[in-house]
Amino acid sequence: MSEVKRLAKNIKVFIEMGCLDEEMRTIAEENPHLDDLGELNDIMEEEIGYFGMEEQEGER
C-alpha cells in the first residue's frame with residue numbers, strides 16, 4: 001500500500017473516532033520536525049492501536 005493510501009486510511013479512522021483535529025494537533029506539537037509520510041503513518045497507527053486497546057479494556 002502506498003504511503004498516501006495508508007495516510008488516507010489512517011485519517012478515515014481518526015474521523016470515525018471523532019478525534020482527527022485533536023490528534024493531528026498533538027502529533028504536530030510533539031513532532032515539530034516531522035516531514036516523512038511513513039513516519040507520520042507509523043505515529044498515527046500507534047495511536048490507533050492505543051485506542052483499540054482502550055476500547056477493549058472498556059468492554060471488560
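This is a predicted model: local features need pLDDT of at least 70, side-chain atom pairs count only at pLDDT 80 or more; totals for chains, interfaces and linings use all residues.

Reply: Residues are numbered from 1 along each chain as its sequence is written, and side-chain values use heavy atoms, with hydrogens and water left out.

Me: What makes the pattern of the protein chain α-α-α?

Reply: The protein chain has 3 helices and 0 strands, and reading along the sequence gives α-α-α.

Me: Why is R6 called buried?

Reply: Buried means under 20% relative accessible area, exposed means over 50%, and partly exposed lies in between (1.4 Å probe, protein chains only). R6 has 15% relative accessibility, so R6 counts as buried.

Me: And why is M1 called exposed?

Reply: M1 is at 70% relative accessibility, so M1 counts as exposed. You'll find M1 in the segment before α1.

Me: What makes the buried residues of α1 line one face of the helix?

Reply: The buried residues of α1 are R6, L7, N10 and F14. Looking down the axis of α1, they fall within an arc of 100 degrees, so they line one face. That arc is taken over the directions from the helix axis to the C-beta atoms. The face turned away from the buried side of α1 carries the exposed residues V4, K5, K12, I15 and E16.

Me: How do you know that a polar contact joins the side chains of R6 and E45?

Reply: A polar contact is a pair of N or O atoms within 3.5 Å; within protein, one must be able to donate a hydrogen and the other to accept it, and residues adjacent in sequence count only if both atoms are side-chain atoms. The side chains of R6 and E45 are joined by one of 2.8 Å. Another polar contact of 2.8 Å joins the side chains of N41 and E3.

Me: Why is N41 called buried?

Reply: N41 has a relative accessible area of 0%, so N41 is buried. N41 sits in helix α3. Leaving out residues up to four places away in sequence, N41 touches E3, R6, L7 and N10, where contact means heavy atoms within 4.5 Å.

Me: What makes up the largest nonpolar core?

Reply: A nonpolar core is a set of buried Ala, Val, Leu, Ile, Met, Phe, Trp, Tyr and Cys residues joined through side-chain atoms within 4.5 Å. The largest one has 9 residues: L7, F14, C19, I27, L40, I43, M44, I48 and F51. Both α1 and α3 (37-58) supply at least two residues each, and the largest share, 5 residues, comes from α3. In soluble globular proteins, nonpolar side chains tend to be buried together.

Conventions: Helices (H or I, at least four residues) and strands (E, at least two) are DSSP runs, numbered from the N terminus.
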